Amino acid sequence: MQPKRAEVRIVEDRILSDDWYSLKKYTFDIQRRNGDWQRLSREVYDRGNGATILLYNRDRKTVILTRQFRFPVFMNGHDGYLIETAAGLLDNMDPENRIKAEVEEETGFRVSSVQKVFEAYMSPGSVTEKLYFYIAEYHAGDKAGVGGGIEAEGEDIEVLELTIDAALGAVERGLIVDGKTIMLLYHVALKSIL
């Protein structure tokens, strides 16, 4: 399957909000597969790209996850505390170095070698963000700090160590509902890494 670039002409863009990140409304013309042009409008939230990582211990068959409050999911009826892989926005860094810094900040584990497994758009209907997905093996001696995130940024992150079976069971029971985390857990299981 060959990539195909869309034929699009931007007619207008208008900033709706530029507080936390940028929310714009675009009016554009797109050429349909039959050659006709159609005018559409969409709102696009641009928060930058990010990276996420699943730490695993092959010998103990464990993974490191985090639990933190997420206001948007709280507003959608969830209790608000998501169990997730460590993740963060790139903030003008390359994905590999950013995720190494982020995983130490959130979990306290310092990893020197990470493996990129794939890239994915998580909500392409409205958000520009592309995530870079990584895995890395950890050992007890890699613990360099307590983790927990940066308090000044509102982070209050709990670090969890679970067996891979417990983590996959939590997905099946609806306790882990974060997309990036589910993707990395199933990747590790599918590839028989643990």
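Which residues does Thr62 touch, not counting residues up to four places away in sequence? Thr62 touches Leu55, Tyr56, Asn57, Tyr138, Glu161, Leu162, Thr163, Ile164 and Leu194, where a contact means heavy atoms within 4.5 Å. This is a predicted model, in which local features need pLDDT of at least 70 and side-chain atom pairs count only at pLDDT 80 or more, while totals for chains, interfaces and linings use all residues. Residues are numbered from 1 along each chain as its sequence is written, and side-chain values use heavy atoms, with hydrogens and water left out.

**The chain as a whole**

- The protein chain has 4 helices and 10 strands. Both kinds of element are DSSP runs numbered from the N terminus: helices are H or I with at least four residues, and strands are E with at least two.
- Starting at the N terminus, the order of elements is β-β-β-β-β-α-β-β-α-β-β-β-α-α.
- Along the principal axes, the C-alpha atoms fill a box of roughly 60 × 40 × 35 Å.
- Of the 194 residues in the protein chain, 36% are buried. Buried means under 20% relative accessible area, exposed means over 50%, and partly exposed lies in between (1.4 Å probe, protein chains only).
- Among contacts with a separation of 6 or more, 57% come from residues 24 or more positions apart.

**Surface and charge**

- The accessible surface of the protein chain is about 11900 Å², and carbon and sulfur atoms account for 48% of that surface. Such areas come from the Shrake-Rupley method with a 1.4 Å probe; for residues, only the protein chains shown count as cover.
- The chain carries 25 positive and 32 negative charges, and their mean positions are 8 Å apart. Lys and Arg count as positive and Asp and Glu as negative, with His and the chain ends not counted. Each charge is placed at NZ of Lys, CZ of Arg, CG of Asp or CD of Glu.

**The largest pocket**

- The volume of the largest pocket is about 1500 Å³. A pocket is found on a 1 Å grid over the protein atoms alone, as an open set of points where a 1.4 Å probe fits, with protein on both sides within 12 Å along at least five of seven lines; lining residues have an atom within 4 Å of a point. Grid points are joined across faces, edges and corners, and the volume is the space filled by probe spheres set on the points.
- Its lining has 36 residues, and those nearest the centre are Arg47, Arg70, Pro72, Glu84 and Glu129.
- Elements giving two or more residues to this lining are β5 (62-69), α1 (71-75), β6 (81-84), β7 (86-89), α2 (95-107) and α4 (179-190).
- Helix α2 provides the largest share of the lining, with 4 residues.

**Around strand β5**

- Thr62 sits in strand β5 and is buried, with a relative accessible area of 5%.
- The C-alpha atoms of Thr62 and Gln31 are separated by 49 Å, although these residues are 31 residues apart along the chain.
- Lys61 is in the loop between β4 (50-57) and β5. Lys61 is partly exposed at 42% relative accessible area, and has a positive phi of about 60° although it is not a glycine.

**Helix α3 and what covers it**

- Which residues are buried in helix α3 (residues 164-172)? They are Ile164, Ala167, Leu168, Gly169, Ala170 and Val171.
- The cover over these buried residues includes β5, β10 (158-163) and α4.

**Residues in other loops**

- Asn92 lies in the loop between β7 and α2 and counts as exposed at 85% relative accessibility. The phi of Asn92 is positive, near 65°, in a residue other than glycine.
- Gly125 belongs to the loop between β8 (115-121) and β9 (130-137) and is exposed, at 63% relative accessibility. Gly125 and Arg42 are 83 residues apart along the chain, yet their C-alpha atoms are separated by 8.8 Å.
- Ser113, in the loop between α2 and β8, is exposed at 54% relative accessibility. The C-alpha atoms of Ser113 and Gln38, 75 residues apart along the chain, are separated by 47 Å.
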